[in-house]
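Here are a few exercises to work through with the model open in your viewer. Try each task before you read its solution.

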Amino acid sequence: MASVQTGLSRKLLTRVLSVYFILTFIVTIGQIFTEYLSTKSHIESELQTLKNTFSTSLTRAIWEVNIPQAQSIAEGLMELPIVTGVQIRDENGEYIADLGMTIAQIRAPISTGELDDHSGGLFSYSFPLIFEFSNRASTVGDVTLYSNFNIIFSRIEVGIFFLLGNAIVKTAFLVFLFMTAFRRMLSDPLMEITQQMSAFNPEHPEESKVKLTLHDENELRLLQYSYNQVIDDLIISQQKLKSTQEELKRVNKKLDDQNLLLEQEVAKKTASLSQIMLDLERQKDELITNQRELRQENENRQYIENVLRDKNKELAKSMEHLKLAQEQLLESERMASLGGLVAGIAHDVNTPLGVGVTAASFLRDRIDTVKAAYEDKSLTNKTMASFLGEAEQTTHLLLTNLNRASELITSFKQVAVDQTSEAERVFNLKIYLNEVLQSLAPSFKHQQHTVNIDCPDNLDIRSAPGIIAQIFTNMIMNSVIHGFENMNGGIINLVVKEEDEDVVITYEDNGCGLNESQLDRLFDAFFTTKRGQGGSGLGTHIMYNLVTQALDGQIEAFSEPGKGLRYQIRFPKRT
């Protein structure tokens, strides 16, 4: 018996600790890998910062064929801790500088905004050098910055050792805690029960009761109560049996004193009385058995009620946690969308501002030249006419690019404010959809996709604009990322109509489409065709909740493989 309970404790402890070891190992590896990716992303951001810092000076140096200055800049880049190699080439692919750990390149690199991995832990970040002048852009060369795995490891080395040490300490503590708890709560009580039951004495059942030193009520306590109740029932039965035997002896003694003439009758009555006593004894045993079963059934029913009550409380808490998690996921998706919008707008605004800076610099140089000619009294009509023409072109270039930047910032500011607020207002749907489309344009400006919006000019609705922006942002970005994954020239048609007091929106693209099983799960949470490639599976689920709950409307999806995807949305305009 002792070996059985010891084996049970060992098996339970082994299984619990095995699951914990596996989970700890997986979580630790995941944290280390996440730390590696995060550090690599930081290095990529630093390389992009170097690009923004040195690209202008390198471009001008190569444009002016100032090779020593370009080589000096390359040597300065090599002094940075994250740079292990630098390659600078001119527009013909000839190397101006090739320093540190690099690899040979066959053709000019095309900047993709991502790191390129190479063998031996080496990775690089390439970007072209473009010189812009008078609305003309010329590629004068390219730059490739190299870094390697050792730099990433040196940054996360302390964190890795800390994670491993933390996992080892927690594991050792939990092993000790589980072993102590199992021995105190299971092994020792079972051993105590086994020893007391083995010492059962039928002659003195009262002394054979189980006595445990438990600090709480559990299944072992119920086992003790049940076993002691059996002992009590046995004692009562023995007492009743002795009493019955003594009564029978007294009756037999009286019968022996009776007249011999009544012996036969007495014998018959004695036999009848014995049968009655047996029946009574049998009925008594049945009654005791029924009482015991009824008591056990009541105890089981009470235990089940307590368990059900606890489960209901846990279920209520789980529903509250689920609702909170759903709200947090919605907010995270909204913030992620706004983050992508900020990145795209910042990149587009940077282009006209950069052109404006270049034009202003050129105008300042020309003013200095004219000023010097004026002070030397060598200023001619031809020089002045040339300056006025160039100044007019430069100021026109400045105004055009600054107006473009102002339009982008105004559109972004309105859409960004709406996406972070759920306040309702009356707005023109067509104008607002064009603002949303303008804010999304940087996300696919390098692709030949077309978005057509057909909406009545005077359609005003009352709603939270952030909800409308979130819905159409998700639909358009899903088409660009998923539907147009391997194609160029995608077409999106957005048709808005009024039907009585409702707004009916038909959204359709000519992408790759979905099969029947994917379409059935399109609005399910965490369903995505980009699992493991950055897809969260929450975009369409959040879109469904926004239409059906926030807009009090309906949404349906239709698709076939190779025939694109179509959404049908209907909601009240509430003007």
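Ser126 sits in strand E4 (residues 122-133); strands here are DSSP runs of E with at least two residues, helices are runs of H or I with at least four, and both are numbered from the N terminus. Before going on, note that this is a predicted model, where local features need pLDDT of at least 70 and side-chain atom pairs count only at pLDDT 80 or more, while totals for chains, interfaces and linings use all residues. Residues are numbered from 1 along each chain as its sequence is written, and side-chain values use heavy atoms, with hydrogens and water left out.

**Exercise 1.** Is Ser126 buried or exposed, and which side chain does a polar contact join to that of Ser126?

*Solution.* 
- Start with the cut-offs: buried is under 20% relative accessible area, exposed is over 50%, and partly exposed is in between (1.4 Å probe, protein chains only).
- Ser126 has 8% relative accessibility, so it counts as buried.
- Next, the partner: the side chains of Ser126 and Thr144 are joined by a polar contact of 3.0 Å. That term means a pair of N or O atoms within 3.5 Å; within protein, one must be able to donate a hydrogen and the other to accept it, and residues adjacent in sequence count only if both atoms are side-chain atoms.

**Exercise 2.** In what order do the five strands of the open sheet come, and which strands stand at the edges?

*Solution.* 
- Strands pair if DSSP finds at least two bridges between them.
- The order is E7-E9-E10-E12-E11, with mixed pairing.
- E7 (450-454) and E11 stand at the edges with a single partner strand each, so one side of each has no neighbour in the sheet.
- Follow Glu508 across: Glu508 is the bridge partner of Asn493 and stands opposite Arg566 in E12.

**Exercise 3.** Which residues touch the most other members of the largest nonpolar core?

*Solution.* 
- A nonpolar core is a set of buried Ala, Val, Leu, Ile, Met, Phe, Trp, Tyr and Cys residues joined through side-chain atoms within 4.5 Å.
- Of the 42 residues in this core, the answer is Leu429, Ile468, Ile471 and Tyr567.
- H8 supplies the largest share, nine residues.
- Take Ile468, in helix H8: at 1% relative accessibility, Ile468 counts as buried.
- Its contacts (heavy atoms within 4.5 Å), not counting residues up to four places away in sequence, include Phe427, Leu429 and Phe571.
- Finally, Ile468 and Leu429 are 39 residues apart in sequence, yet 9.0 Å apart in space, C-alpha to C-alpha.
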